[in-house]
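Okay, thanks for coming, everyone. Let me put the structure up and we'll walk through it together.

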Amino acid sequence: MNPLEIYKTLYLIRGSEELIINHYKENEMKTPMHMSMGEEAIVVAIVAALQKKDLVFGTYRSHALYLAKTGDIDGFFAELYGKVTGSARGKAGSMHLAKPSKNMMLTSAVVGTTIPVAVGAALSNKIQKNNRIVATFFGDGAIDEGVFWESLNFACLKQLPILFVCEDNNLAIHSHIKERQGYRSIEQVVSQFNCLVGSSETTDVFEIYKLTANILEKMKKSGKPAFLHLKYYRYLEHVGVQEDFSSNYRSREEYLRWKKVDPILIARKYLLKTGVKEEEIVIMEKNINLKLQKSINKAKNALYPEETELFTDIYG
Amino acid sequence: MRFIQKRLSYLLIYMAKRIITFEKAINEATIQEMERDSSVFLFGLDVTDHKKIFGTTQGLEKFGKVRFFGTPLSEDAMTGVALGAAITGLRPIHVHIRVDFLLLAMNQLINMAAATSYNSAGQLHAPIVIRAVIGRGWGQGPQHSKSLQSLFAHIPGLKVIMPSRPYDAKGLLTAAIRDNNPVIVIEHRWLHYIEGDVPAEPYTIPLGKSHILRKGKDITIVATSWMNVEAFKAAEILLSKHGVEAEIVDVRTIYPLDDETIVKSVKKTGYCIVADYDWEFCGFSAEVAARVSEKCFTTLKSPVKRVAFPHVFTPTTRVLENKFYPNAVTIIREVEKKLSLKEADLQGEDFYSWENKFRGPF
C-alpha cells in the first residue's frame with residue numbers, strides 16, 4: 001500500500017467531480033449524474049486492497065469506482081459528454097460506466113442488479129481456478145431487493161470468491177433506512193450465512209484498506225465469500241450535482257458533522273502527519289488539476305458517434 | 001437391373017435416416033456441445049432430478065457437478081449468475097421447466113443480459129442459452145402454459161427460437177450455444193415426443209432462417225412451434241377434401257425473423273394465414289401480418305388472417321381449454337373462408353391426438 005498513490009486517487013476522483021459540478025450547468029453533459037462525493041474512501045481503499053486482475057462490479061453511482069479501478073479520465077469525461085472516445089462510445093453515460101479490459105466489469109442503473117452478475121463472475125472464476133476475486137459494490141437500498149438475498153445465498157452455498165460491499169448512506173434515493181428495513185442489524189442477519197462479515201463507520205481510507213486487506217486474507221484462507229458493511233454520507237442530491245438540504249429530508253447539520261471527517265481531508269492530514277511535505281502535496285494536486293482540465297477539454301472537443309452507431313453492438 | 005439399383009438407393013437413403021425424438025435431439029446437442037467446448041455448462045431448477053426436464057438433461061452427470069447442477073429457487077439471481085459467467089468466458093445453458101418461471105427473471109434478462117453488448121459498446125458479450133418449456137398439457141392453467149415468444153422478441157439484444165422438428169431442435173440449439181448473444185429456446189412440451197430424422201454428428205442451423213415445412217401453391221400458412229403440427233394436419237385434410245395445396249412456413253426463429261421466405265411464399269400463393277402459439281393481441285402474429293401486408297400489398301388477394309390465442313388466460317377445465325387453443329380445425333375453417341370453399345365434413349378425422357394421449361399429473 002502506497003499512501004501517496006491512495007491520496008492521488010482520492011484527489012483525482014474528488015477533482016473530477018468538482019469539474020463536473022462546474023461544467024454541468026453548460027448542459028453539454030446530458031447524462032444523469034449520481035455523484036460519488038462522500039464515498040471515495042470506501043471505493044479507493046477496496047480497489048487498492050484488491051489486485052489488478054480482480055474484477056469489480058458497481059452501480060449507477062460509480063464515478064469513484066471507475067476512476068479508482070481504471071484511472072481512465074479521458075474515457076470517463078468523454079463518456080459523460082456522449083463522445084465517441086468515451087468508455088462505451090458515448091452510448092452508456094454516467095450510469096453504465098465500465099471498462100472490462102481493466103476489470104471494471106459492469107454497472108447498472110437498476111438497484112441491486114449487478115450483484116448476481118458479480119456472483120456469476122465469481123462462479124466462473126472458481127470454475128476456471130484463476131484465483132481472481134470479485135468485489136461487488138451496492139448501496140443499502142440494494143439489500144431491500146430480493147435479488148441481493150438470492151445472490152448472497154447462492155454465493156454462500158457455492159462458497160464463491162466474492163466480496164459483497166454494502167456502501168450504506170442510510171438512504172435509498174430519499175427514503176431513510178428506518179423506513180425500509182424490518183431487522184435490527186444487517187451484519188447480524190448476514191452473519192447467519194456461511195460467510196465472513198466485516199463492518200466500519202470510518203471515513204479513513206487507510207482504516208478501510210486494513211479492514212479489507214484483512215478480510216481478503218481470510219477469504220483466501222477459508223475459501224468463504226465475505227460481506228463488508230461500510231457507512232458513508234452522500235454529500236449531494238440523489239441525482240444531480242446540487243446540495244439538497246433545503247428539501248428537509250435530511251439536515252445540513254448532519255452533513256457538516258460528516259464533512260469534518262471528509263475522506264480526502266483526513267487522508268491529507270495523515271500524509272502530513274507521516275512527514276510528507278505540504279508543498280509536495282500541493283504540487284501533486286496542481287498536476288492532477290491540470291491533467292483533469294486537459295482531459296475535460298479533450299472530451300469537449302471530441303466527436304460524437306456517427307448516426308450509424310445507433311444500430312451497432314446490439315448483438316455480439 | 002435399373003429397378004434393383006433404384007431399390008438399393010432407396011434402401012441406402014432409408015438406412016441413412018436416424019429417427020430419434022425431439023427430446024433426444026435436445027439432449028444430444030447439449031452433450032455434443034459440452035464435449036466439444038469445456039466452457040459450456042448447464043444449470044437450472046431441478047435439471048438434475050430423476051425426471052431430467054422431460055429427459056432432455058439425461059446423462060449430463062458425466063460432466064461433473066461443476067458443469068451440471070441444480071439451483072435454489074432464485075430465477076432472477078440465477079439469470080444474473082448466467083450473465084456473470086457469460087461475460088467472463090463461459091457459456092451457460094439455463095433451463096426452466098416452464099416459461100412462466102422466467103417471468104421472475106425479467107430484470108436480469110431484459111435490463112441486464114439483453115443490454116450487455118450495447119451498454120458496453122460491444123466490449124462484452126453474453127453467450128447465454130435459456131431453454132424454457134411451454135405449452136398445453138393437462139389442465140395446466142394460467143401460470144403453467146404461457147408461450148411469451150412475442151414478449152421476448154420485442155426486446156432488442158435477445159434472440160428467440162422455436163424449433164418444431166427434432167432436426168431443427170438439434171441444429172438450432174447447437175447454433176444457439178455457439179452464438180455470442182442471449183438466445184431463448186422455447187420448446188413446446190408435446191414436441192418433445194415427436195420423432196424425426198436427425199444426423200448423429202453435430203451440425204448447426206443458422207438462427208434467422210425459416211423452413212418450408214410443406215410446399216404448396218394455393219395458400220401460405222406461417223406457423224410457430226406446435227402450430228406447425230396443427231397446420232400440417234390441416235394441410236393434409238385440405239388436400240383430401242378440397243384439393244387445396246397449402247404451403248407451410250415454419251419460422252423456426254422468431255428473432256431474427258426471416259421474412260424473405262414468408263414474403264416469397266405469399267407472393268406465390270396470394271393468401272396468408274399466420275398460426276402463432278401465443279396471444280394474438282400485440283403478438284408475433286401481428287408482426288408477421290404487418291410485414292406481409294407491407295411487402296405483399298399488391299399480391300395479397302385478401303387480408304392476412306391471424307390464428308392465435310384469444311386475449312384471455314388459459315383455463316384449466318378441458319371444455320374451455322379446447323375452446324382456447326386454435327388447432328387444425330381452426331386453420332381448415334379459415335382457409336375455407338379465404339378460398340370461398342364450402343365447409344368440409346370433418347367427422348371421422350382424428351384431431352387432438354396428442355392431447356388425448358396425454359395423462360397427468362404434469
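Predicted model: local features only at pLDDT ≥ 70, side-chain atom pairs only at ≥ 80, totals over all residues.

Helix α8 of chain B, residues 227-242, lies across β9, β10, β11 and β13, and it runs at about 170° to β11(B). On to another helix, α12 of chain B, residues 328-338: it packs on the sheet and touches β10, β11, β13 and β14. The direction of α12 makes about 165° with that of β14(B).

Now the sheet itself. We've got an open sheet of five strands in chain B, in the order β9-β11-β10-β13-β14, and the pairing is mixed. At the edges you'll find β9 (211-214) and β14 (305-309), each with a single partner strand, so one side of each has no neighbour in the sheet. From one strand to the next, the twist averages 25°. If you zoom in on β10 and β11 of chain B, they pair in the parallel sense over five bridges. One to click on: B:Ile219 has B:Ala246 in β11(B) as its bridge partner.

Zooming out, chain B is assigned two domains, domain 1 (13-197) and domain 2 (211-357). Their centres are 26 Å apart, going by C-alpha atoms. The contact takes 25 residues from domain 1 and 23 residues from domain 2. On the domain 1 side, that's twelve nonpolar, ten polar and three charged residues.

Last bit, the two chains.

How values were computed
Residues numbered from 1 in each chain as written. Chains lettered and ligands numbered in written order. Domains from an automatic or database assignment. Contact = placed C-beta atoms within 7 Å. Nonpolar A, V, L, I, M, F, W, Y, C, P; charged D, E, K, R; others polar. Pairing = 2+ DSSP bridges. Helix = DSSP H or I, 4+ residues; strand = E, 2+ residues; numbered from the N terminus. Axes fitted to C-alpha atoms, helices over the stretch in contact; angles between N-to-C directions.
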